[in-house]
Amino acid sequence: MSAPPRLPGLPVLGSLLDVQRDMIQVFERAARLGDLVELSFPGRRGFLVVHPDQVKQVLVDEHAKFGKNTAGYKALQVALGQGLVTSQGEFWRRQRRIAQPAFHHQRIVGFAGIMAEACEVMLGRWRALPDGAVVDVDAELMAVTLRIVGQALMSVDLSDETGDVAAAMTVVLRGTVHRLLHPLSPPLWVPTPRNRQLNEALARLNHLVRSLITQRRQHGGEHGDLLDMLMTARDEETGEGMTDEQLRDEVLTMVSAGHETTANALTWTLHLLAGAPEAEARLHAEVDEVLGGRVPTLEDLPRLVYTEAVVKESLRIMPPVWMLARSVEAPVTILGHELTGPNTMVFLSPWVTQRDPRFWQDPLRFYPERFLAAEQGPKYAYFPFAGGPRVCIGNAFAMMEAKLLLASMVRGHRLATLPGHPVEPEPTITLRPKYGLKMILSRR
Ligand code: HEM
């Protein structure tokens with residue numbers, strides 16, 4: 001069989017310069033060439049997998065043939081070490097088993113109060129603002145979601161740290177992508193301005209996480225939260241607990257993965273809603289009817305059907321994790337082509353597949369109604385939380401949080417587009433608004 005189509009690139013550098021300029025565009029161009037398209041980078045080959053059936057093959061059916069030995073995860077390890085997102089194999093399996101109970105349905109539903117309360121703190125600030133005030137929606141949401149992760153998973157109040165953590169996270173995510181896209185970046189110990197900035201940000205995050213762990217050690221207490229589970233877990237064979245380094249990696253991973261993605265999802269949701277007046281009106285109508293002006297509770301969730309569709313539609317058009325990479329660890333045949341060899345990767349892109357007109361009618365239209373229909377198309381045409389054994393552990397947590405927060409926000413307020421404010425997605429590890437998102441707040 002002939003080779004799969006290949007995205008034209010430069011000799012040696014392949015698509016490197018193009019992805020440095022505009023990563024998303026490179027993936028969109030590649031997807032136009034077929035369902036399996038080769039991209040080349042210095043020293044490695046990558047294949048974009050577009051069709052839902054092959055997305056499923058990679059994530060679910062033949063997941064064991066794929067790993068996380070990619071430049072991207074290596075760059076991420078500089079920040080997150082060997083936490084749940086970046087670890088692999090038996091070690092990952094054990095850590096996932098330890099963390100899983102913290103995300104059981106029974107536990108997650110217990111977080112509804114924490115979520116609604118954290119949002120009320122933000123809404124209290126909003127209520128004090130005059131109509132027409134401009135708010136930094138992205139910063140506001142980062143603060144709320146960070147507070148929620150702190151309280152729900154570690155029983156701590158991170159409100160005072162929000163500004164610091166958000167700034168450090170931005171530096172870390174941008175720095176990680178920069179190192180990924182510039183393979184010749186000097187090692188972190190070389191004191192370039194960029195490295196210094198990244199090291200400082202990492203030091204701030206490490207300090208925060210270490211003090212969380214120390215506090216828990218000193219004050220102890222049974223919280224039954226994720227931090228307890230991580231700190232009391234014992235190896236079945238050796239009886240040993242996690243080292244401080246492992247604990248740091250897991251806690252930092254959870255704090256990062258657990259707030260940034262959900263904040264981005266809600267930020268994009270508000271932006272998309274502001275451009276879709278019909279969907280916005282229907283959302284307002286549902287929230288008014290279900291809540292009647294109250295703070296939402298767990299019991300309201302099943303009735304917030306359209307609210308859920310709005311969140312899902314936002315995750316379709318603007319998936320916070322817009323691209324996933326996997327290393328090929330054993331020969332695998334995809335669409336008749338055998339992929340094998342060291343330094344071979346596959347890319348899966350929720351951005352690309354979730355905007356594919358073969359699976360989504362009028363794909364660029366923000367139309368939550370499509371998630372109310374009984375017929376939903378191929379399963380893996382939609383995978384904002386990935387799938388298979390490495391599906392997002394916080395999937396249900398994030399969906400509940402997004403629904404509660406969205407309903408809370410639109411209950412009393414409307415957020416409108418600020419004319420002249422540029423809104424452009426920046427594909428760091430997550431998809432963020434490059435210039436933040438400023439919106440005009442008014443009371444409903
Ligand atoms: C809308 C919000 C979220 C989105 C879109 C999202 C998406 C994802 C995706 C696509 C992955 C797979 C990454 C990969 O394979 O490299 C993932 C993994 C992960 N997510 Fe989320 N996530 C969200 C919220 C959360 C929350 C709230 C938490 C924790 C409270 C969380 C914790 C994690 C962890 C620990 C992993 C690694 C799981 C593993 O490999 O075992 N995420 N997430």
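In helix H8, the buried residues are Val165, Ala168, Met169, Val172, Leu173, Gly175, Thr176, Val177, Arg179 and Leu180. Buried here means that 20 or more other C-beta atoms, placed from the backbone, lie within 10 Å of the residue's own. Helices are DSSP runs of H or I with at least four residues, strands are E runs of at least two, and both are numbered from the N terminus.

This is a predicted model, where local features need pLDDT of at least 70, side-chain atom pairs count only at pLDDT 80 or more, and totals for chains, interfaces and linings use all residues. Residues are numbered from 1 along each chain as its sequence is written.

So who does H8 sit against? Its buried residues pack against these helices:

| Helix | Residues |
|---|---|
| H3 | 71-80 |
| H7 | 137-154 |
| H9 | 193-219 |
| H11 | 244-274 |

Zooming out, the protein chain has 15 helices and 12 strands. Its C-alpha atoms fill a box of roughly 60 × 55 × 45 Å, taken along the principal axes. Buried residues make up 43% of the 444 residues.

Now for a sheet. Five strands form an open one in the order E1-E2-E8-E5-E3, with mixed pairing; two strands pair if DSSP finds at least two bridges between them. Strands E1 (36-41) and E3 (66-67) stand at the edges with a single partner strand each, so one side of each has no neighbour in the sheet. Further in, E2 (residues 44-49) and E8 (residues 344-348) run parallel, joined by five bridges. Arg45 stands opposite Thr344 in E8.

Definitions and conventions: A residue is buried if 20 or more other C-beta atoms lie within 10 Å of its own, exposed if 12 or fewer, and partly exposed in between; C-beta atoms are placed from the backbone. Two residues are in contact if their C-beta atoms, placed from the backbone, lie within 7 Å.
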